[in-house]
Every structure is written in structure tokens, then in C-alpha cells.
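Please look over the following model together with its sequence.

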Amino acid sequence: MLQAVQLSMESISRGGGPFGAVIVKDGVVVSSGINCVTLHNDPTAHAEIIAIRSAALKLGTFNLKGCEIYTSCEPCPMCLSAIYWARLDKIYYANTKTDASAVGFDDSFIYDELKLKPEERHLPSEQMLREEAIKAFKAWQIKEDKTEY
């Protein structure tokens with residue numbers, strides 16, 4: 001955890017946000033990440049996402065079961081989702097989402113939006129071309145040599 005916290009300070013000195021993350025497997029650091037949103041002009045470049053991408057590349061798998069993540073702050077909704085998709089075994093965090101909100105990183109609106117039906121959310125969304133798109137799902141469903149994830 002100390003390394004994740006140190007990375008959050010390093011991120012600030014590089015011009016990034018105050019977040020750092022480390023992924024560990026069997027007690028060994030596999031990867032780390034700092035917040036690179038402003039550095040890379042990439043809204044998805046959160047420390048946890050960077051660390052997950054790096055670990056997956058290094059380990060040669062999208063399934064990070066057997067790994068744990070140490071992050072300087074409770075993960076935002078996007079990072080939490082990525083952690084679940086990566087199948088990490090456990091999350092350790094230092095600062096809370098309330099701490100993050102107090103310094104300008106407030107994700108509560110996203111949590112609130114997720115509870116709503118798509119048509120009730122603030123960001124307009126509209127379903128279209130389902131009949132065309134469903135063909136890909138049907139093709140996936142019958143594909144015999146697919147890699148499940």
C-alpha cells in the first residue's frame with residue numbers, strides 16, 4: 001500500500017491526479033500505475049486501469065485471478081468495474097470516495113445514474129439497430145472456438 005501511496009504523490013509531481021495503484025501476485029508486485037488522465041488526454045487512464053492493463057500484458061492474460069490490487073483511493077465506478085472484469089481477488093484502498101469528493105473527485109453522480117433506467121439518466125441515450133446488432137451476439141453464441149471471458 002505504501003507503494004501505491006508513493007505513486008499517488010509521484011503522479012502529482014508529473015502533472016497527473018493524486019492516485020496510484022499496484023497489482024500484486026503471490027506477494028510480488030506485478031505492475032503499477034499512476035493517474036495519467038491529463039498526461040495522456042485519456043479519461044480512462046486512471047491508476048487502477050493503467051495497472052490492470054500492465055499486469056494483463058505482463059502476465060499474458062485478461063484474467064487476473066490470483067492477484068490483488070492496492071490503490072491509494074477507493075476505486076471509482078469505472079475502475080471498480082474494471083477490477084471485477086479483470087477478476088482480481090481483493091481490493092485494498094487507502095483514501096475513501098468521500099475523501100476524494102472533498103478534493104474535487106466526486107463520482108457520486110455516476111453511482112446515482114447507474115441506479116436509473118437508461119431513459120431516466122441525464123446523459124441522453126437511445127437504442128437503435130438492435131436487429132442488425134443482435135446478429136453478432138447470435139454468431140458469438142454458436143461460435144465453437146471462442147475464448148470465454
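## Basis of the model

This is a predicted model, in which local features need pLDDT of at least 70 and side-chain atom pairs count only at pLDDT 80 or more, while totals for chains, interfaces and linings use all residues. Residues are numbered from 1 along each chain as its sequence is written, and side-chain values use heavy atoms, with hydrogens and water left out.

Within α1, A4, L7, S8 and S11 are buried (under 20% relative accessible area with a 1.4 Å probe, protein chains only; exposed is over 50%, partly exposed in between). These residues cover an arc of only 105° around the axis, which puts them on the same side of α1.

The buried residues of α1 pack against β1 (20-25), β2 (28-34) and β3, whereas the face turned away from them carries the exposed L2, Q6, M9 and S13. S72, which lies in strand β3, is buried with a relative accessible area of 2%, and its contacts (heavy atoms within 4.5 Å) include A4, V5 and S8.

## Surface patch

F62, W85, W140 and Y149 form a nonpolar surface patch with about 530 Å² of accessible area together. F62 lies in the loop between α3 (47-59) and β3 (67-73), and is partly exposed at 42% relative accessible area.

Definitions and conventions:
Patches are made of residues with over 30% relative accessible area and no salt bridge: like charges are joined within 9 Å, nonpolar side chains (Val, Leu, Ile, Met, Phe, Trp, Tyr) within 5 Å. Accessible areas come from the Shrake-Rupley method with a 1.4 Å probe; for residues, only the protein chains shown count as cover. A salt bridge is a side-chain nitrogen of Lys or Arg within 4 Å of a carboxyl oxygen of Asp or Glu. Helices (H or I, at least four residues) and strands (E, at least two) are DSSP runs, numbered from the N terminus. The arc is that of the directions from the helix axis to the C-beta atoms. Lists of a residue's contacts leave out its neighbours within four places in sequence.
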